[in-house]
Amino acid sequence: MAFLAAAWVAAAGVTACTQNSCEHTYNCGDNNDYTERNEGPDSGSGSTTAPSSPGTTATSSPEEPSPPADAGATLPTDTGVPSRRFLAELPAVQLEPSDTKVDEGAMVDGDSYDHSITFVCDLYCNNGQGEKPQSSVSFNLGGRYQTLTLKMAVLDSSPDENEQGTFEVYLDGESQGAKHVGFGKAEAQTLEVTGVNRIRLVAYRPGTVANSLLAGVNAAGGTASVLPHLAWLNPELHR
């Protein structure tokens with residue numbers, strides 16, 4: 001009977017599969033080979049996987065990183081320049097005479113101003129030969145600021161209640177007009193400085209003794225010398 005069954009199968013053109021030649025396959029070909037492999041119940045998904053060609057490595061496409069949430073936002077430009085800065089914190093370009101003090105404390109009408117520019121002479125003003133006894137100091141702005149705010153005043157330390165000072169601001173060499181300020185009468189000023197490269201502050205007291213010789217003459221005659229006690233109070237730059 002077994003011989004007859006084998007003959008019947010051969011006559012029908014069907015090639016029998018051995019038990020282990022095509023294990024876990026969907027199709028068992030005429031030569032006991034297979035085209036697809038059944039991963040069996042342990043695969044977890046039930047899907048089929050085509051065999052890789054020899055000499056090749058299967059790779060997956062890398063995922064592109066997601067852009068940050070604010071990728072489309074415009075970030076502020078860091079100019080390195082603070083939005084507000086005291087003028088006296090900048091290095092002085094020109095400081096004449098030495099009686100001018102930069103970034104000093106000043107007291108006016110009982111109020112303290114810690115970043116001021118003062119002009120105080122003891123016996124006479126320390127000016128160069130033939131120079132007017134005045135304070136002149138310059139700073140470079142580099143066109144980085146828009147406005148300058150300041151106050152001008154005679155210091156509380158002045159022994160003369162009738163003292164009056166003259167203050168003048170120059171922007172790139174152009175005078176912004178002289179201001180005459182008396183004792184106990186601080187005057188505020190706001191200046192447009194957009195695009196300005198250099199600022200110069202000039203202050204003096206009219207009639208100031210100009211040299212040591214005149215100071216000696218006044219002292220011998222019992223006359224008090226006219227001396228300045230002036231200040232630019234906390235000049236501040238704004239961007």
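Q: What pLDDT does the protein average?
A: The structure is a predicted model. Of its residues, 59% score at least 70. Over residues 1-20 the pLDDT stays under 50, and the model has 6 contacts for them beyond four places in sequence. Across the protein, the average pLDDT is 76.

Q: Is the aromatic pair of Phe167 and Trp232 stacked or edge-to-face?
A: A search of the whole structure finds 1 aromatic pair. The ring centres of Phe167 and Trp232 are 5.1 Å apart. Their planes stand at 85 degrees, and over 60 counts as edge-to-face. The pair is therefore edge-to-face.

Q: How many residues apart in sequence are the parts tied together by Phe167 and Trp232?
A: Both Phe167 and Trp232 are buried. Phe167 belongs to strand 7 (residues 164-171), while Trp232 belongs to strand 11 (residues 229-238). The pair therefore ties together parts whose separation in sequence is 65 residues.

Q: Which residue has its charged end over the ring of Tyr170?
A: Two charges over rings may be described here. Lys132 lies over the face of Tyr204, 3.8 Å from the ring centre. Over the ring of Tyr170, at 4.3 Å from its centre, sits the charged end of Arg200.

Q: Which cysteine is joined to Cys121 by a disulfide?
A: The search of the whole structure finds 1 disulfide. Its two sulfur atoms are 2.2 Å apart, and the angle about the S-S bond is 105 degrees, a right-handed link. Both of its cysteines, Cys121 and Cys125, are buried. The partner of Cys121 is Cys125.

Q: Which residues do salt bridges with shared partners join into one network?
A: Asp160 forms a salt bridge with Arg205, with the closest N and O atoms 2.6 Å apart. Glu163 also meets Arg205 in a salt bridge, at 3.6 Å, N to O. Glu163 and Arg205 are both buried. The network consists of Asp160, Glu163 and Arg205.

Note on methods: Residues numbered from 1 in each chain as written. Predicted model: local features only at pLDDT ≥ 70, side-chain atom pairs only at ≥ 80, totals over all residues. Heavy atoms only, no water. pLDDT = per-residue confidence, 0-100. Contact = heavy atoms within 4.5 Å. Phe/Tyr/Trp six-rings, centres within 6.5 Å; stacked < 30°, edge-to-face > 60°. Helix = DSSP H or I, 4+ residues; strand = E, 2+ residues; numbered from the N terminus. Buried < 20%, exposed > 50% of the residue type's maximum accessible area, 1.4 Å probe, protein only. Lys NZ or Arg CZ within 6 Å of the ring centre and 35° of its normal. Disulfide = S-S within 2.5 Å. Salt bridge = Lys/Arg side-chain N within 4 Å of Asp/Glu carboxyl O.
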